[in-house]
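This report goes through a two-chain model, from the makeup of each chain to the places where the chains meet. Please keep the structure open while reading.

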Amino acid sequence: MARIEEITLPRERPTPARWRFNATALLFMGPAMVLVLVFFIAPVIITFAMSFTDLATSTGLSNWQWIGPENYARIFRSQFWLPILGNTLVYVAVVLAFNVIVGLGVALLSVHMEPKAGGVFRALWLLPRISPSVVYALMWTWAAASPPFGMLNYVVAPFGLEPRYWIQSDPWLIVIFINGFVGASFGMLILTSAIKAIPEDLFRAAQVDGASALQVIRRITLPLIKWPILFVLVYQTMSLFASYEYIYLTTNGGPGLFATETWSLWAFHSALSNYYGNLEFAYGAALAAILVIMGLGISMVLLRVFRFGQLVAEPRVEVE
Amino acid sequence: MATVVAPVPGRSRWLVLMPYVVLALATLPILVLYVWLFYSSFFPRVEGFRPIGDLTFDNWRFLWDPASVPQMRNRPPVIPLTVNTLLFATLTSLISLLVSSMAGYAFSRLRFKGRRVFLGGVLLLHSFPSVTLLIALFVVLRTLGLYDKLVGVILVQTAFALPFGIWIMKGFFDNIPWDLEMSALVDGAGRLRTWWRIMLPLVKPGLLALGILLFVEGWNQFLLPFVFMPSGSQQTLSTLVRGILGEGRFVDYGLLTAVGLYYIAPVLVLFVLAQDQLMRIYAGGVKG
């Protein structure tokens, strides 16, 4: 052993240049690292740590205690966890289907028209996403409003449907519409650029062979954009599980007890906004922790599946 | 950009028109919502699309005579709220731009220990839903003494924008050829100087596009100010609209649409001016 040590080369010490170089990187990365540490990494850890305490308005920030997995036990003792989980799954599944199908539809239709017109339609579909959520929610609140105001009642009247206050009578319809129209633009943008990236020769060749528009879409376009479609599916699944802003602004989980409450809204209500006055931070954190684990899991899948290695490749040239 | 399928002579007219008809019908709900927003703010009362009464600016009184609007009593006046919103959007977009263009430069041009891990982390956070962290952030802000302060919310919003911003900026820098920068470095200019003097001017269009997008997101932000700045004087326009909308008693759509239109107008103007850049950056940056 000793002999081996004798013949090993002296350990390489970082040259001053190398060291200085890392200092430069630190200088450039420093601000971002601090912000990410304080506002992403620490909160992830705190979410998990907090979920094992009894932190609430009643305990304050100083008088809390560790209580083990009690919050998790409480979640699954609650008579609401199953219906809320059910709501969440329905919400994610239906809005996801709406988003992807409509997003794909708008993308396909808008590339099959004059470029200018297609651009106008895509801009209109992007409007809900770039609008303030409160204003967008206000517009849907109006559309769903009871007579004589809301537009929806005028639309359904010719079909013999009774006028109603839709947020009370059909809250799911409103939740799905308001989220569906926002989310569709995501798929639309990703899939439009994917379709535009397909070499035009393929379409021309198909046309020469006499393929119909539908055949072209089914045999050429769709197979070639299946990875972007999968990406949109996975990415949207994750954001839908975590999102509650538009539900909060319209039905707020109601009407009644938890009719449209989803898991993430439940966490928000427990910890940050309820009528009882006692904000149960720890209980909310336990609810959120389940979503955080899911978020991290799905994000990792995204990185794996969508060629992460290529995305983080080293810079080509280096000056030292 | 050519149409994907060019019209072929002899193809039925219906097939050429079909996409227009279908898409126009599908887009109608969106159009109706936005047209109503304009329309309703200039009439005393609108039922469906039928105006009751004459064209009026009465709904806009909240701007010059807030005392006469019952819903505006007990609320902070609009102008300071607008200043808060503007400050919030401007500062978050400027700080995010600065921090993410620095980190983006490092990822694009420097080789350093842990680069792969850090970049992986950026990508991971990029698809990670940050709203799930709100509860923990409440504790973080309380601990740092930044709760109920504009600064605290600005920092959170800035941090949330970083994974997206860094990724986009790295892409911009990746597209810049090496020659210019190399000659500056060989001439002995420091990295910081090179980044500021040579690289940033080269990615100016990208910076502008990203800046507009970040500004719009800051301007629109509702949950963060709502949760982390509960007291009146610090609030933004989003919490004002939410406050009037959520009052529960009779909803005054005339007033609401006027305030809503006032709030959304700058976003719409920016969108009309920069829609191409915004769409490109949304599509390239992948942020839901």
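## The two chains

Chain B contains 12 helices and 2 strands. The model is a predicted one. In sequence order, the elements of chain B run α-β-β-α-α-α-α-α-α-α-α-α-α-α. The C-alpha trace of chain B extends about 75 × 70 × 35 Å along its principal axes. Chain B has 288 residues, and 45% of them are buried. Taking the contacts in chain B between residues at least 6 apart in sequence, 72% link residues at least 24 apart.

Chain A has 16 helices and 0 strands. Its length is 320 residues, of which 44% are buried. For contacts in chain A between residues at least 6 apart in sequence, the share that joins residues at least 24 apart is 69%.

## The contact between the chains

Chain A contributes 97 residues to the contact and chain B contributes 88. On the chain B side, α1(B) supplies the largest share, with 14 residues. The side of chain B that touches chain A is made up of 66 nonpolar, 14 polar and 8 charged residues.

## Helix α1 of chain B against two helices of chain A

One partner of α1(B) (residues 13–40) is helix α6 of chain A (residues 133–143); the two pack at an angle of about 95 degrees, with axes 10 Å apart. An angle of 65 to 115 degrees counts as roughly perpendicular, and α6(A) and α1(B) are therefore roughly perpendicular to each other. From α6(A), the residues A:M139, A:W142 and A:A143 meet B:L33, B:W36 and B:L37 of α1(B). This contact has 6 nonpolar residues, no polar and no charged ones.

The crossing of α4(A) and α1(B) is left-handed. Here A:V106, A:L109 and A:S110 of α4(A) touch B:P19, B:V22 and B:L23 of α1(B). By class, the contact of α4(A) with α1(B) comprises 5 nonpolar residues, 1 polar and no charged ones.

## The nonpolar core

The largest nonpolar core counts 174 residues, and A:A285 and B:V241 have the most contacts inside it. Helix α6 of chain B (residues 150–174) gives the largest share of this core, 15 residues.

What does B:V241 touch, leaving aside residues up to four places away in sequence? In chain A, B:V241 touches A:V134, A:V135 and A:L138. In chain B, its neighbours are B:V259, B:G260 and B:Y263.

## An enclosed helix in chain A

How many of the 9 residues of helix α14 of chain A (residues 263–271) are buried? The count is 9 of the 9, so α14(A) is largely enclosed by the rest of the structure. These buried residues are A:W263, A:S264, A:L265, A:W266, A:A267, A:F268, A:H269, A:S270 and A:A271.

The surroundings of α14(A) come from both chains. In chain A, its buried residues pack against α4, α12 (226–242), α13 (245–249) and α15 (281–305). In chain B, they pack against α5 (134–144).

Terms used. Residues are numbered from 1 along each chain as its sequence is written. Chains are lettered from A and ligands numbered from 1 in the order in which they are written. This is a predicted model: local features need pLDDT of at least 70, side-chain atom pairs count only at pLDDT 80 or more; totals for chains, interfaces and linings use all residues. Axes are lines fitted to C-alpha atoms, for helices over the stretch in contact, and angles run from 0 to 180 degrees between N-to-C directions. Helices (H or I, at least four residues) and strands (E, at least two) are DSSP runs, numbered from the N terminus. Angles under 35 degrees count as roughly parallel, over 145 as roughly antiparallel, 65 to 115 as roughly perpendicular and the rest as oblique. Two residues are in contact if their C-beta atoms, placed from the backbone, lie within 7 Å. Ala, Val, Leu, Ile, Met, Phe, Trp, Tyr, Cys and Pro count as nonpolar, Asp, Glu, Lys and Arg as charged, and the others, Gly among them, as polar. A residue is buried if 20 or more other C-beta atoms lie within 10 Å of its own, exposed if 12 or fewer, and partly exposed in between; C-beta atoms are placed from the backbone. A nonpolar core is a set of buried Ala, Val, Leu, Ile, Met, Phe, Trp, Tyr and Cys residues joined through C-beta atoms within 7 Å. A crossing is left-handed if the near helix is turned anticlockwise from the far one by less than a right angle, and right-handed if clockwise.
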